[in-house]
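Have the structure open and follow along.

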Amino acid sequence: MIKSCYIHIPFCKKICTYCDFCKFYYNEEWASKYLVSLENEIKLKYNNDLLDTLYIGGGTPSSLDISLFEKLLKICKTFRLNNNYEYTIEFNPEDINDEKLSLCKRYGVNRISIGIESFNKDNLKYLGRDYTNFKEKIDVVKKYFDNINVDLIYGLEIEDKNTLKKDLDKILELDVPHVSCYSLMIENHTILNNMGVKPIDEDIDFDMYKLINDKLKEYNHYEISNYAKEGFESRHNLTYWNNEEYYGFGVGAAAYIEDKRILNSKNILAYINKKYNSFIEELSKTDKISYELILGFRKTKGISIDDFYNKYNIDIKELYNIKDLIKDNKLIIKDKYISINSDYLYIENEILSNFV
Amino acid sequence: MNQEKIRNFAIIAHIDHGKSTLADRMLELSGNVSKREMTSQILDNMELEKERGITIKMNAVRLNYKGYEFNLIDTPGHVDFSYEVSRSLAACEGAILLVDATQGIEAQTLANYYLALENDLEVIPVINKIDLPNSDVEKVSNELINTFGFTKDEIILTSGKTGEGVDKLLDAVIDRVPAPKGNKNSKLKALIFDSVFDSYKGVIVHVRIIDGELNFKDKIRFMSNNSNYDITELGYTTPKIVNVDKLSSGDVGYICASIKTISDIKIGDTITLDNDPCDEPLKGYEEVKPMVYSGIFPVETREYDLLKDALEKLAINDASLTFIPETSKALGFGFRCGFLGLLHMDIIKERLEREFNLNIILTAPSVIYNVCLTNKDMVSISNPSDLPPVEKISYIEEPYIKTNIFTPIDYIGPIMELCENKRGTFRNMEYINETRVNIHYELPLSEIMYDFFDKLKSVTKGYASFDYELIGYRQNRLVKMDILLNGEKVDALSMIVHKDFAYNIGKNMVNRLRSIIPRQMFEVPIQAFINNKAIARETIKPLRKNVLAKCYGGDISRKKKLLEKQKEGKKKMKNIGSVEVPPEAFLEILNLRS
Ligand SMILES: Nc1nc2c(ncn2[C@@H]2O[C@H](COP(=O)(O)OP(=O)(O)OP(=O)(O)O)[C@@H](O)[C@H]2O)c(=O)[nH]1
Ligand code: SF4
Ligand SMILES: [Mg+2]
């Protein structure tokens, strides 16, 4: 029984300098054809499971014109949702308006995720994003929804701790229940990378991370990059981190179904022509455990020892390389959970690479 | 073939003067290799030779020309491979001495010419690359006449590019190089001048038959250890393999005999017939003395046996490589290997990595030091970490060399400055002609091991060439410098340095190590010590960030791939104490003195 589903809308009105997601310039004709194919893919693959979480991401789903936007929401009506579902859609701040939000409300969306990234005009320019009056926009959202996430990006070479501090103060002022903070990654095939930008010094990066943890104290730091008020943790993202199965529809979308990790083709023309050929990774039990660990340890609470046992019939504490890490105090056991010592959370790859 | 119609000769020259290219033209002219099959420097058949554009191994081929059998050996030009040249020459009666018409006589021209004389060979002087617009035949002729005493009409002009003059050169080989002198009816004496390991055929030995005859059905005996074998294959290369039933005195060819016991084969050994042996073996070769030593260790300790096997097989093909087992506290079990120079060392490293697929660590090269102890005993050490405690040392001696540096006079100043900086003593200078000189300096061998070549090249814009000979040992104020990583002494990083330079070297060394060793999960101090006194210190800051921040729309495979890549990277590292050290760190000293 699959409980979660991700839908990818690959269109953006403007391309950000750091972006290496699967996205294309918005074009009404393509978008409309895309939705047709999307609907087809869902019909083909969705098994009528009762879902707990549904997430429409991108790209920028909110960039669709109002009629296409409604068409998207209509398509998503196909999914059966349980009584206590979480249904998120991503918005770019400029796209926020009463018309789109009330549509969302009408179609059952109950969580909005907004890519603010920064309040600082220089930062925004550097990231290739537009400035709007974010506070006003969030107030509009709040008229319809209380479950709101905002994204923040930090660690730009032009940024100092002071700028970040101001950004964090502004975030706090917004008084939203969920915040994601991502340190800027310079990925291949991005405008920044092409310009020769290098990642900032890791000591500064780490200082910024500490500052964020400090400023967002009233939130629960429940995953490396995510902060939530009690009860507002993203259940959809927890599906990933708990290594549970999910559908993924749309170009370049990832899914995890019946012990297979599936990655759809990133070719939008092929996708529009209903060629969904995907890359499939079949998982052995060892692979699954490997994923369980590298995902589970992203959560600050860690991995439930009992759940792990129930899933794999193995005592996680006795796993070959986990034992040593516990002895080294790199992993910590507390309240029947095993987690990464918070001193090592920001260098968790050093620990996780033991598990692949 | 009538012995009178055999001509055995080697092509010798300074590096890059066109030996292998000229051999191409000879192979073409004799019809051995058709134009269609021809590739540039066809005898450079090793991948590394092709990549670097240099000859590393000698290569013998047979060609037929005007009813004569020619056995030609192409030799390397670089100093580090001069043992290949001297072994080739012992299988020949003649040598073609090439000189690049745009360069003139260089250091290895001189060195190789004298090698040919030592072997009593007929030397044919050739000026090559005459097709080049900046060639100066007149000037180079005069150099040959004045330096070696050739006469003007002995000199032959060729171009390996256009083939011009190659026919005249081959005619000169017929006329001037004497036929082999051996006696076909005497008992068999065959000189092993090269060998190579082949996983199907066993060891293939390349021989020059000095006396007697060898038939396919014969049983052979190696005279150094009396082991005997039935021949499984006889032949020669053109460079294609040609099988024959018989090799007779004067011939150059190869023998296979399913030899799997590598230690039975010794370069320079004499092969005779088992049922009719000769009395005395041939003189053979002088053993080569390595110039530098370095430790070779497997990154993964369990690859020790593979490394041993690989070194044995390589040594079969490279008589100048020596190795004995060695143990390092930091690196475990490995081998102390002797090389003729740093290029040689680099080539062996690459061959181990490529041909045998090994992950290895090389430690800093070291010369052999003579250590006189307080009790008057003298010990030789090739590994700095073997140095006895200071209180037991009376003094230390290091090897010195005398240089031949061939250079246009414009660069005399910078060269002298360079040599002075390397603790050199000026001896004298010879004029080759009005514009070029040969500078003689005496230098510690350890000083030229590192960046001397590169420095020389850069201060002379590549116009100088360099060769050296050992002249003995001299006492100097030398001390051992130890490196401590995270408080632990790493024996593989110890080095012997001159006291006056120790402080600077120590500072540079810890600095370089700091930049080459990646951050770890904890802070790592690096220190340089002399006689238990710290002279330099750096700290590697702890790792602060190694995390993938975002999982794009659930694309988690990507995260796993990244972790797998990181893990691969870690595998290449050596764990010293609890510090992960990249193998290059142990050779970092090479980049140091610059
Ligand atoms: N123009 C011209 N170039 C030549 C001639 N002979 C060789 N070369 C070039 O000179 C370079 C060196 O030639 P090689 O034949 O590899 O020289 P080598 O003496 O065998 O070099 P080592 O074996 O490394 O000592 C190559 O780039 C050749 O193409 C020639 O007669 N004319
Ligand atoms: S970062 Fe988001 S909004 Fe910006 S181009 Fe990429 S997908 Fe579009
Ligand atoms: Mg060559």
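## An exposed lysine in a loop

B:Lys329 sits in the loop between strand 18 (322-328) and strand 19 (332-339) of chain B. Keep in mind that this is a predicted model. Is B:Lys329 buried or exposed? With 80% relative accessibility, B:Lys329 counts as exposed.

## A buried serine in another loop

For a contrast in setting, go to B:Ser366, in the loop between strand 20 (360-362) and strand 21 (369-373) of chain B. B:Ser366 has a relative accessible area of 5%, so this residue is buried.

Who are its neighbours? Setting aside residues within four places in sequence, B:Ser366 touches B:Met291, B:Val292, B:Tyr293, B:Arg336, B:Ser382 and B:Pro384.

## Helix 1 of chain B and what surrounds it

Helix 1 of chain B is largely enclosed by the rest of the structure, because nine of its eleven residues are buried. Those buried residues are B:Lys19, B:Ser20, B:Leu22, B:Ala23, B:Asp24, B:Arg25, B:Met26, B:Leu27 and B:Glu28. After the helix comes B:Gly31, with a positive phi near 80 degrees.

Now for the partner helix. Helix 1 (residues 19-29) and helix 6 (residues 166-176) of chain B pack with their axes 10 Å apart, at an angle of about 85 degrees. That angle makes helix 1 of chain B roughly perpendicular to helix 6 of chain B. On the helix 1 side of the contact are B:Leu22, B:Arg25, B:Met26 and B:Leu29, which meet B:Val166, B:Asp167, B:Leu169 and B:Leu170 of helix 6 of chain B. By class, this contact has six nonpolar, no polar and two charged residues.

B:Ser20 belongs to helix 1 of chain B, while B:Thr55 is in the loop between helix 2 (47-52) and strand 2 (59-65) of chain B, so the pair ties together parts that are 35 residues apart in sequence. Both B:Ser20 and B:Thr55 are buried.

Helix 3 (residues 82-89) and helix 4 (residues 107-118) of chain B have axes that come within 9 Å and cross at roughly 30 degrees. These two helices of chain B are therefore roughly parallel to each other, and helix 3 of chain B passes helix 4 of chain B in a right-handed crossing. The contact brings B:Ser82, B:Val85, B:Ser86 and B:Leu89 of helix 3 of chain B up against B:Asn112, B:Leu115 and B:Ala116 of helix 4 of chain B. This contact counts four nonpolar, three polar and no charged residues.

## Backbone details to check

Two peptide bonds deserve a look. A:Gly58 and A:Gly59 are joined by a cis peptide bond, with omega about 25 degrees, and A:Gly59 is in the loop between strand 4 (50-58) and helix 2 (66-76) of chain A. The bond from B:Thr238 to B:Pro239 is also cis, with omega near 10 degrees.

Then there is A:Asn313, which is not a glycine but has a positive phi of about 60 degrees. A:Asn313 is exposed, with a relative accessible area of 56%.

Definitions and conventions:
Residues numbered from 1 in each chain as written. Chains lettered and ligands numbered in written order. Predicted model: local features only at pLDDT ≥ 70, side-chain atom pairs only at ≥ 80, totals over all residues. Heavy atoms only, no water. Axes fitted to C-alpha atoms, helices over the stretch in contact; angles between N-to-C directions. Helix = DSSP H or I, 4+ residues; strand = E, 2+ residues; numbered from the N terminus. Parallel < 35°, antiparallel > 145°, perpendicular 65-115°, else oblique. Contact = heavy atoms within 4.5 Å. Nonpolar A, V, L, I, M, F, W, Y, C, P; charged D, E, K, R; others polar. Buried < 20%, exposed > 50% of the residue type's maximum accessible area, 1.4 Å probe, protein only. Left-handed = near helix turned anticlockwise from the far one by under 90°.
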